[in-house]
Amino acid sequence: MTNKTVAVGMSGGVDSSVAAAVLKEKGYHVIGVTMRLWDGGEEAYQNTVEDARRVADALGIEHHALDFRQEFEGAVMEYFTREYLSGRTPNPCIACNKALKFGAMRKAAAELGAQKIATGHYGRVVRGEDGLWRLMRAENREKDQTYVLYHLSQEQLSGVLLPLGDFRDKETIRKKAEELALPVAQKPDSQEICFIPDNDYAGFILRRTGTEPPEGDFVDGSGHVLGRHRGILHYTIGQRKGLGIAFGKPMFVTRIDAGTNRIVLGESGTEFSSSLMAGDLNFILPMDLSQKRKVLAKVRYAAKSAPAQLWMDGGRIYVEFETPQRAVTPGQAVVFYDETDTFVLGGGTIL
């Protein structure tokens, strides 16, 4: 069984617990790994570890709690803070997957004797007839999480298992957990960013930096001052509510300029964009982008894939959509899928 050892990232939730169970049923030697990522939330962390250990005991597998707080601090929390203060909207889950779950955890798994790692993400990893690995969409499209995994490489995919990708719905997963008498079968899904359980991003950054960002001007597209804002970290592209000023008509955040400390507002319709530029690119499959290529693209996790053309020039990707997209946001990821919307081609960070 040595060549079939897999380390499963176990968060104490039903998804990762069923992932571990499925792999054990398939004959893998399974090792459970729970990562400690941040200081604070001690009770919540202990509950997470306890839930994961109870599941590991029920499955008869070994379990390890590993401390990755230092790595998480730099790769996720520092990045999150820096991006918001720069007027961009970060995606901490993508940063965590890249640096921690498929980075630090993978290294720790190898030290534990595992040749592969697995997570409870909804997606599928398939090797094509051409020998190349593909990150395929999950059967459950509503839960599909391939958007946050676009950064994976061919080498990484060769050592990744995503056992939940073949489940058609969440009810089947919970039923599977009940059949196996797993103690977390009915545990609710987590919805918030793990290190900001109250969802107060601005409060988190203020506590972390000890500095209140300066107020500045709301302006229209021509630069005319419309009022004052509370500080750029309180706003994101596409935002309409919570601006603090009544305009008598819907107004949306269309641009955040950290350099001038100005936030540009526009009327309904101006929150849509027909094109974008992206950097920090990763392509899972080789692609010739010297000419325009038709793809489907997503500009945020909850967005639908939209027909677009992309090409490369000077190390940056340019994307042009058939239909304008709402709230194209610097700092977020744009992820490209093939024209059948079946597998991930790659992605990058919106600039």
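**A walk from R137 to the helices**

Let's start at R137, which touches R124, D144, T146, K298, S305, Y337, D341, T342 and F343, leaving aside residues up to four places away in sequence. Keep in mind that this is a predicted model. You'll find R137 in the loop between strand 6 (133–136) and helix 5 (154–157). Is R137 buried or exposed? With a relative accessible area of 5%, R137 falls under the 20% cut-off and so counts as buried. As for its partners, the R137 side chain makes a polar contact with the side chain of D341, at 3.1 Å.

Now for the greasy parts. In soluble globular proteins, nonpolar side chains tend to be buried together. Here the largest nonpolar core has 69 residues, and F195, L276 and F336 are the ones that touch the most other members. Helix 4 (residues 92–111) supplies the largest share of this core, with 9 residues. Take a look around F336: again skipping residues up to four places away in sequence, its contacts include F283, V295, L296, L310, I317 and F343. There is also a second, separate core of 27 residues, with V14, I61, L164 and A177 among them.

Finally, on to a pair of helices. Helix 1 (residues 14–25) packs against helix 6 (residues 170–179) at an angle of about 65°, and their axes lie 10 Å apart. Which residues meet here? From helix 1 come V14, D15, V18, V22 and E25, and from helix 6 come K170, I173, R174, K176 and A177.

How values were computed:
Residues numbered from 1 in each chain as written. Predicted model: local features only at pLDDT ≥ 70, side-chain atom pairs only at ≥ 80, totals over all residues. Heavy atoms only, no water. Core = buried A, V, L, I, M, F, W, Y, C linked by side-chain atoms within 4.5 Å. Buried < 20%, exposed > 50% of the residue type's maximum accessible area, 1.4 Å probe, protein only. Helix = DSSP H or I, 4+ residues; strand = E, 2+ residues; numbered from the N terminus. Contact = heavy atoms within 4.5 Å. Polar contact = N/O pair within 3.5 Å; in protein donor to acceptor, adjacent residues only side chain to side chain. Axes fitted to C-alpha atoms, helices over the stretch in contact; angles between N-to-C directions.
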